[in-house]
Amino acid sequence: VRRPGFGPSLYESVGAAIMADNAVIAGQCLDAALTIILEKEPELARLDSVAGDGDHGAGMARGFRAAVTVERAGTAGQVCMNAGMAFSNAAGGASGALVGTLIMTIGSGLQGEDLDAAKVHAALSSGYEAICKLGKAEVGDKTMLDTLDPFIKAYGEAAAAGASITGAWQQALPAAEAGMESTKDMISKRGRSAALKEKSRGTHDPGATSMYHILVAVGGVLQQECPD
């Protein structure tokens with residue numbers, strides 16, 4: 001409640017500071033994602049060239065270059081929602097739509113000043129469900145879902161056990177890595193690579209790989225900015 005003549009209450013001031021901090025951290029996560037994607041772009045191009053046109057890394061880089069330019073004010077959720085829209089518009093293609101939707105949907109779940117591991121898990125889960133519906137894929141189809149699904153499940157387990165946002169993220173990364181690694185032995189069932197059938201086996205999925213690198217990059221920011 002704001003009292004006439006006294007300016008914002010202490011509660012309002014603290015809440016605004018927390019939201020600003022969260023928004024800044026969200027922006028730093030976007031910066032870190034761009035950095036790792038630029039570093040891994042040749043690897044992602046190589047993986048995508050097996051069955052696609054080799055532009056996965058370039059598309060992801062375009063998306064994150066646009067995402068990092070959004071205004072970093074308000075809440076972490078608002079930053080992510082704006083970044084997701086910018087990503088989708090710039091990246092193009094199926095990956096652009098999927099990753100953009102993922103970021104936007106996660107952002108819609110991160111509104112408000114109070115963020116904890118349970119709220120982050122709910123936002124991640126909503127984002128996952130949104131791209132499952134959009135892409136009409138499921139775990140085992142050799143897509144980014146094979147990285148995201150085990151990560152989000154492990155994150156939820158850690159959050160339920162009382163881990164912090166940062167702690168749960170770190171605990172879930174090995175599951176994400178295992179999921180990404182599992183795509184090497186899968187037969188692709190979505191996208192251009194699905195036409196290769198058995199020939200798609202033996203190479204990691206580029207979407208699963210880029211998603212793993214992004215999760216690692218975000219985890220690095222959380223460890224630095226929100227240590228346990």
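Q: Is Lys 136 buried or exposed?
A: In this predicted model, Lys 136 sits in the loop between helix 5 and helix 6. Its relative accessibility comes to 62%. The cut-off for exposed is over 50%, so at 62% Lys 136 counts as exposed.

Q: What is the phi of Lys 136?
A: Look just after helix 5, where Lys 136 turns up. Its phi is positive, and Lys 136 is a residue other than glycine. The value is near 55°.

Q: Which helices do the buried residues of helix 5 pack against?
A: Start with who is buried: the list for helix 5 includes Ala 117, Val 120, Leu 124, Tyr 128 and Ile 131. A handy bit of background is that an α-helix has 3.6 residues a turn, so residues three or four places apart point the same way. The buried residues of helix 5 pack against helix 4, helix 6 and helix 7.

Q: How far does helix 5 reach from its first C-alpha to its last?
A: Helix 5 has 19 residues. At 1.5 Å a residue, 27 Å is expected. The model comes close to that, with a reach of 27 Å.

Q: Why is helix 2 described as largely enclosed by the rest of the structure?
A: Helix 2 covers residues 56-67, and its end C-alpha atoms are 16 Å apart, which agrees with the span it should have. Among its buried residues are His 56, Met 60, Phe 64 and Ala 67. Helix 2 is largely enclosed because the number of its 12 residues that are buried is 9.

Q: Which residues does Leu 115 touch, not counting residues up to four places away in sequence?
A: Leu 115 has its place in the loop between helix 4 and helix 5, and at 24% relative accessibility it counts as partly exposed. Ile 165 is 50 residues apart from it along the chain, but their C-alpha atoms are separated by 8.4 Å. Ile 165 is one of the residues that Leu 115 touches.

Q: Which helix gives the largest share of the lining of the second largest pocket?
A: This pocket holds about 720 Å³ of space. Its lining has 33 residues, and the closest to the centre are Cys 29, Cys 80, Leu 110, Trp 169 and Val 218. Several elements give two or more residues to that lining, including helix 3, helix 5 and helix 8. The largest share, 7 residues, comes from helix 1.

Q: How many nonpolar residues are in the lining of the second largest pocket?
A: Sort the lining by class. You get 3 polar and 2 charged residues. The nonpolar class has 28.

Q: How many helices does the protein chain have?
A: There are 0 strands in the secondary structure. From the N terminus on, the elements run α-α-α-α-α-α-α-α. The helices come to 8.

Q: What percentage of the residues of the protein chain count as buried?
A: The chain has 228 residues. Its accessible surface comes to about 10,800 Å², with 57% belonging to carbon and sulfur atoms. The share of residues that count as buried is 48%.

Notes
Residues numbered from 1 in each chain as written. Predicted model: local features only at pLDDT ≥ 70, side-chain atom pairs only at ≥ 80, totals over all residues. Heavy atoms only, no water. Helix = DSSP H or I, 4+ residues; strand = E, 2+ residues; numbered from the N terminus. Buried < 20%, exposed > 50% of the residue type's maximum accessible area, 1.4 Å probe, protein only. Areas by Shrake-Rupley, 256 points an atom, 1.4 Å probe, with all protein chains shown as cover. 1 Å grid on protein atoms, 1.4 Å probe; cavity = no way out; pocket = protein on both sides within 12 Å on 5 of 7 lines; lining within 4 Å. Points joined across faces, edges and corners; volume = space filled by probe spheres on them. Nonpolar A, V, L, I, M, F, W, Y, C, P; charged D, E, K, R; others polar. Expected span 1.5 Å × (residues − 1). Contact = heavy atoms within 4.5 Å.
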